[in-house]
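Please open the model in your viewer and keep the sequence panel beside it. The stops below say what to select next and what is to be found there.

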Amino acid sequence: MAPDRPRLTVIPPRPEIFPPRPEIGANRPRGYIENYRPQSRTLQLIEQVREILRIYGDHLPLTVRQIFYILIGRFAHGKSDSFYKSLCEHLSNARRGGAIDFRHIRDDGVSVLQETSFAGLDQFYRYLQRQAGSYARNRLARQSHHIEVWCEAAGMQPQLNRVAGRYHIPVYSTGGFDSTTAKWNLAQRICRVGKPAIILHLGDFDPSGVSIFETAAEDVRAFVLADRKWLNVDVEFVRVALTDDLIERHRLETDPHRVKSDKDYRGLNWPFNYTCQLEALPPDVLATVLNEEIRRHLDLDLLAADIRLEGVERAEAESALRALPAPGQSVVRDE
């Protein structure tokens with residue numbers, strides 16, 4: 001029989017020596033806010049945000065930083081860190097209070113890994129029948145190049161996918177594009193596809209963002225050239241946004257360039273006296289710029305032919321899956 005463990009005596013701290021500390025964030029709301037009643041100035045800000053969401057309704061969800069830049073340009077708010085922090089808090093409360101739809105704004109960087117599973121055969125058959133109705137022929141499969149879109153901001157993926165998804169071009173969040181794993185995985189994917197690749201990149205216009213993009217381009221290409229099985233497999237990186245041309249053409253809000261220290265080599269070599277955030281580019285302009293760049297790399301006649309063929313194949317798939325058991329008719333037999 002194991003010996004008894006020694007009992008520990010817990011002596012509570014003396015309150016005069018260890019005064020109780022308030023819980024961090026104790027005054028912040030949790031979950032939904034009932035009877036949300038913002039002050040008049042806050043309500044005016046919320047109305048301005050609602051107007052922005054109506055104007056850019058075709059590009060939702062927007063990120064908080066995109067809304068921040070639109071507020072500066074359209075409603076003449078001052079550009080400052082304090083205003084941005086205040087905006088983040090007000091938009092969080094407005095969504096909690098039901099004044100703004102949660103689905104219309106993104107401030108997250110969450111990614112999910114989840115296996116597909118089903119409650120039973122009935123659900124699986126219904127899933128297959130729905131899939132047949134939404135069948136889409138891969139519009140990149142017969143193109144001469146494999147194309148991907150990479151963006152620094154995870155929150156912008158849905159609106160970029162609304163553009164790239166028409167051509168079945170995947171949209172990845174780079175998270176700064178400085179991950180060795182991400183770069184190696186991209187190179188292996190290009191090698192598996194087995195044809196030249198074009199990576200369309202969107203990121204901030206600053207020394208760090210541009211340098212990381214250029215370094216990643218060199219790194220991925222080195223992996224591809226080392227691991228490719230066919231000599232025609234290569235990769236080209238295209239900086240879609242932001243560029244100095246876009247900043248000047250659309251008169252975007254910029255920040256003065258500051259060199260952090262004598263060891264800030266990227267900053268010291270930056271040839272501009274300003275920097276700019278990707279979110280400063282209006283969502284509709286961003287969508288147009290990306291769409292034009294994508295179409296520049298596609299065989300548009302081949303694309304049109306695949307779209308026509310897609311309709312024929314979808315009808316065939318729907319016809320074939322009508323033979324599946326109707327809901328409730330599947331039988332599971334014990335072994």
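## The whole chain

Of the 335 residues in the chain, 38% are buried, where buried means under 20% relative accessible area, exposed means over 50%, and partly exposed lies in between, using a 1.4 Å probe and protein chains only. This is a predicted model, in which local features need pLDDT of at least 70 and side-chain atom pairs count only at pLDDT 80 or more, while totals for chains, interfaces and linings use all residues. Residues are numbered from 1 along each chain as its sequence is written, and side-chain values use heavy atoms, with hydrogens and water left out.

Colour by secondary structure to bring up the 11 helices and eight strands of the chain; helices (H or I, at least four residues) and strands (E, at least two) are DSSP runs, numbered from the N terminus. Among contacts in the chain with a separation of 6 or more, 74% come from residues 24 or more positions apart, a contact being heavy atoms within 4.5 Å.

Select R74, which is found in helix 2 and is partly exposed, with a relative accessible area of 43%. Leaving aside neighbours within four places in sequence, R74 is in contact with I55 and Y56, and the C-alpha atoms of R74 and I52, 22 residues apart along the chain, are separated by 9.0 Å.

Next, move to S80, in the loop between helix 2 (64–75) and helix 3 (81–96). Is S80 buried, exposed or partly exposed? At a relative accessible area of 28%, S80 is partly exposed. Its side chain is joined to that of S82 by a polar contact of 3.1 Å; a polar contact is a pair of N or O atoms within 3.5 Å, and within protein one must be able to donate a hydrogen and the other to accept it, with residues adjacent in sequence counting only if both atoms are side-chain atoms. A C-alpha distance of 9.9 Å separates S80 from F68, 12 residues apart along the chain.

## Helix 3

Now select helix 3, whose 16 residues reach 23 Å from first C-alpha to last, close to the 22 Å expected at 1.5 Å a residue, the expected span being 1.5 Å times one less than the number of residues. The buried residues in helix 3 are F83, L87, H90, L91, N93, A94 and R95, and what covers them includes helix 1 (40–55), helix 2 and strand 2 (105–106). Just after helix 3, G98 takes a positive phi of about 85 degrees.

Q159 counts as buried at 5% relative accessibility, and a polar contact of 2.9 Å joins its side chain to that of Q66.

From P283, continue into helix 10 (residues 283–296), which has 14 residues and reaches 20 Å from its first C-alpha to its last, close to the 20 Å expected. Buried residues in helix 10 include P283, L286, V289, L290 and I294.
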